[in-house]
Amino acid sequence: MAVPAPRYTTYIPLADLAPSPGNPKKHEIERIIESIQTHGFLDQPIVDERTGLAIGGHGRRESLHEMQHRGMPTPDGILVDDDGGWLVPVQRGWASRNDTEAKAVIIKLNRITQDGGWEPRALAAFFEDIVTAEPDLYDSLAIPDEELETLLRQVDPETLPGAIHDSDTQPPTLHLPDDGYGTEAELSPDDEGRPQVTTCPACGHHFTPGRKDA
């Protein structure tokens, strides 16, 4: 006997995916658009059955509207109806008890994944694999230099997969120009003679890290 699914996916018109009013989360729309263009539409918005409003996926919803407004191609994962409208996969089946719970869930869905942080060694290994295989894909991550430097200071490069084990006991160094010093062509006094690249701590690959827009 089939058991009714408490959560299920259905496609609805993008025009019918209404946001929760007053949603406090900001979004980097251009980065979301780039991700959707590159990888397709992966993360489904969530609709509250009590209100019929989205409680998750506001940035993705806004990005799809912007893509459609610009006349961009239909992303992978999005369907098109007979009138040319975009159909979006959404998760259904959950209902809030009241407006207070709906607001709490909106905050939780955004905060919980952020608060977990990252496992430095595993993240550095992912970065190594991506930057050595597809540097352009690494650049699309837009990792700020200071964030990358902080991460790599927590990682022993000798423990990463593919690490270079030199006879020299000194670990590989991370070379980063000081952001915000003079013009782009200038180096700070501490950077005299340094290359304008980052050296991967495991493989020694030189690359220009992604820059986060100001």
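1. Contact here means heavy atoms within 4.5 Å. With that in hand, Ile 29, Ile 32, Ile 33, Ile 36 and Gln 37 of H1 meet Gly 59, Arg 60, Glu 62, Ser 63, Leu 64, Glu 66 and Met 67 of H2. Helices (H or I, at least four residues) and strands (E, at least two) are DSSP runs, numbered from the N terminus.

2. A word on the source: this is a predicted model, in which local features need pLDDT of at least 70 and side-chain atom pairs count only at pLDDT 80 or more, while totals for chains, interfaces and linings use all residues. Residues are numbered from 1 along each chain as its sequence is written, and side-chain values use heavy atoms, with hydrogens and water left out.

3. Now the overall picture. The protein chain has six helices and eight strands, in the order β-β-α-β-β-α-β-β-α-α-α-α-β-β. Of its 214 residues, 33% count as buried (buried means under 20% relative accessible area, exposed over 50%, partly exposed in between, with a 1.4 Å probe and protein chains only). Among contacts in the chain with a separation of 6 or more, 70% come from residues 24 or more positions apart.

4. Back to the helix pair. H1 and H2 pack at an angle of about 75°, and their axes are 9 Å apart (axes are lines fitted to C-alpha atoms, for helices over the stretch in contact, and angles run from 0 to 180 degrees between N-to-C directions). The two helices are therefore roughly perpendicular (angles under 35 degrees count as roughly parallel, over 145 as roughly antiparallel, 65 to 115 as roughly perpendicular and the rest as oblique). The residues of this contact divide into six nonpolar, three polar and three charged; Ala, Val, Leu, Ile, Met, Phe, Trp, Tyr, Cys and Pro count as nonpolar, Asp, Glu, Lys and Arg as charged, and the others, Gly among them, as polar.

5. Ser 63 deserves a look. This residue lies in helix H2 and counts as buried, because its relative accessibility is 0%. Leaving out residues up to four places away in sequence, Ser 63 touches Ile 29, Ile 32, Ile 33 and Ile 36. From Ile 32 it is 31 residues away in sequence and 6.5 Å away in space, C-alpha to C-alpha. Glu 28, in the loop between strand S2 (18–19) and H1, is partly exposed at 40% relative accessible area.

6. Next, the nonpolar cores (sets of buried Ala, Val, Leu, Ile, Met, Phe, Trp, Tyr and Cys residues joined through side-chain atoms within 4.5 Å). The largest has 17 residues, and Leu 64, Met 67 and Val 88 have the most contacts inside it. Helix H1 (29–39), helix H2 (58–69) and strand S6 (86–94) each supply at least two of its residues, with the largest share, four residues, coming from H1. Another core, of ten residues, lies apart from it and includes Tyr 138, Ile 143, Leu 148 and Leu 151.

7. Finally, the aromatics: a search of the whole structure finds one pair. The ring centres of Phe 127 and Tyr 138 are 5.6 Å apart and the planes stand at 90°, so the pair is edge-to-face (rings of Phe, Tyr and Trp, its six-membered ring, pair if their centres lie within 6.5 Å; planes under 30 degrees apart count as stacked, over 60 as edge-to-face and the rest as tilted). Phe 127 is buried, at 9% relative accessible area, and Tyr 138 is buried too, at 0%.
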